[in-house]
Structures are given as structure tokens and as C-alpha cells.
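This briefing goes through one protein chain, from its overall fold down to a single residue. Please have the sequence and the 3D view open while reading.

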Amino acid sequence: MIKPEDSAPQIPWDKIFSALEKWRTKMRAVKDDTAVGKAAEEYRDNINGPWAVLVTTILSLRTKDEVTSAASAALLAKAPGPKELLKLGEEETAHLAYPAGFYRTKAAQLQKIASILLAKYKGQVPSDMDALLELPGVGRKTANLVLTEAFNMYGICVDIHVHRICNRTGWLDTKNPLETEMALRGCLPKKYWKRINGLLVYYGQNVCRPVSPFCSRCIIKEYCSQVNIGHSR
């Protein structure tokens, strides 16, 4: 793992984020935002906003954004809060979550989560990392995304895109998302903590793809060491 004192002076974070944010602004004119980002924006001032972000994030695991958006919209229309979701039951929840990947497993998890929220948190999603991690199906990625998107708190959400890009570029040398999160907490300026996930997920989906990335289109190529890239376009 890269040590903060070794990496911080060498990574031009300001230039990287400036380039990524300009690119994303242009892309928004032709392509929708991520499913979780859309849910967070739609429910920004809604008391059930954290619930919407949590539901959408769980549905998004191993699921394409367009499928996630459709499934979460259908589910949240019927279950805008945990109380309504419990009333639906597991079968109807699964039906509404379809065709999200592992929709039956996710439906069962959401039913358990709704029950816990009503029993322990008065039906509200907690704004605490440890409390979130105790919920079924919630790992650090989901918990960090809920904290940053729903509660505007500091956190670094690391999914496969963030982990891959940070290592492919050579900014970090980490073995898994948890190591990546901890390394970023040491070297990434705090003003970028909440923004890195949205930017790199979007970039990873459209340019820096897992297989055969579009290196010819890359707007941060000068800051990339192209580690372990085989074929690119």
C-alpha cells in the first residue's frame, strides 16, 4: 500500500479532479448520471432520501445502471419507506426489484433491513458507519455511499471502478477495495472524498472500462501509468 507521505506530493489531485469534472459536465448532456446519483438528487430534500439511496445502492450491486434505475423507481413508488416495504412482503418486493441481479436475495435483505430500521431507528436510516454495517447486505461500499450521498458526510466509497482506476493509473498499489479506501484516506485531500466515487464510477463505466479501456479517449492519460493494461482502444 502506498504511504500517504510518499504519495500525496506526487499525485496532482487538483488537476485530475478538474479534468474529470469538466468531462462529466459535458457527458451529462448526452448520458444520464449513475443510478445512485440520480436517486440521491431526486430525493435530496425528502425525509426518506436516505432510504431511497440505501435501497438503490443495494439494488445496484452487480446490476447495470439502467436496470437499477428502473427497479428502484418501481420499488420506491410502492415503498417510499421501510414501513411500506414491510407491508409489500418479500415476494412483491422481489417482483418489483426484478430484473436487478440477485433480486430475490436483495428483496430478502431489504425486508430484514426495513424490520430493523423500524425496530431500532424509528424507521430512519442511521447516519453512522457501524450501525449501517450491521444491516444485512450492507458493506463498506454501501455504507460510505449512504453517508456521502444521503447525509453529505465525509467518506470514501470504493467500488470496483474506484479500486481498478486508482491501481491502473498507478496512484495506488493496493490489493482490494478496503486497502484502497484506507490508502485514499491517507493521501486524498478531504475535499475530494465525497466526489471520487461518482466521478470514477462514471469514468469507469464509459472510458476506463475493465476490459479494453478507451485509452485514446482518456482525459487523464498524462496522470496514468497504464498498469497491467493489455489491449486498449
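Among contacts in the chain between residues at least 6 apart in sequence, what percentage join residues at least 24 apart? The figure is 61%. The model is a predicted one, and its secondary structure consists of 12 helices and zero strands.

**Fold and dimensions**
- Reading along the sequence gives the pattern α-α-α-α-α-α-α-α-α-α-α-α.
- The C-alpha trace spans about 55 × 35 × 30 Å along its principal axes.
- The radius of gyration is 18 Å, which agrees with a compact globule, because a globule of 233 residues would have a value near 17 Å.

**Burial and surface**
- Of the 233 residues in the chain, 50% count as buried.
- The chain exposes about 11700 Å², and 51% of that area is supplied by carbon and sulfur atoms.

**Charge**
- There are 33 positive and 24 negative side chains in the chain.
- The centres of the positive and negative sets lie 4 Å apart.

**Ser69**
- Ser69 belongs to helix 5, which covers residues 65–78.
- Ser69 has a relative accessibility of 17% and therefore counts as buried, since the cut-off for buried is under 20%.
- Apart from neighbours within four places in sequence, Ser69 is in contact with Ala35 and Lys38.

Methods:
Residues numbered from 1 in each chain as written. Predicted model: local features only at pLDDT ≥ 70, side-chain atom pairs only at ≥ 80, totals over all residues. Heavy atoms only, no water. Helix = DSSP H or I, 4+ residues; strand = E, 2+ residues; numbered from the N terminus. Rg over C-alpha atoms; globule rule 2.2 N^0.38 Å. Buried < 20%, exposed > 50% of the residue type's maximum accessible area, 1.4 Å probe, protein only. Contact = heavy atoms within 4.5 Å. Areas by Shrake-Rupley, 256 points an atom, 1.4 Å probe, with all protein chains shown as cover. Lys, Arg positive; Asp, Glu negative; His and termini not counted. Charge placed at Lys NZ, Arg CZ, Asp CG, Glu CD.
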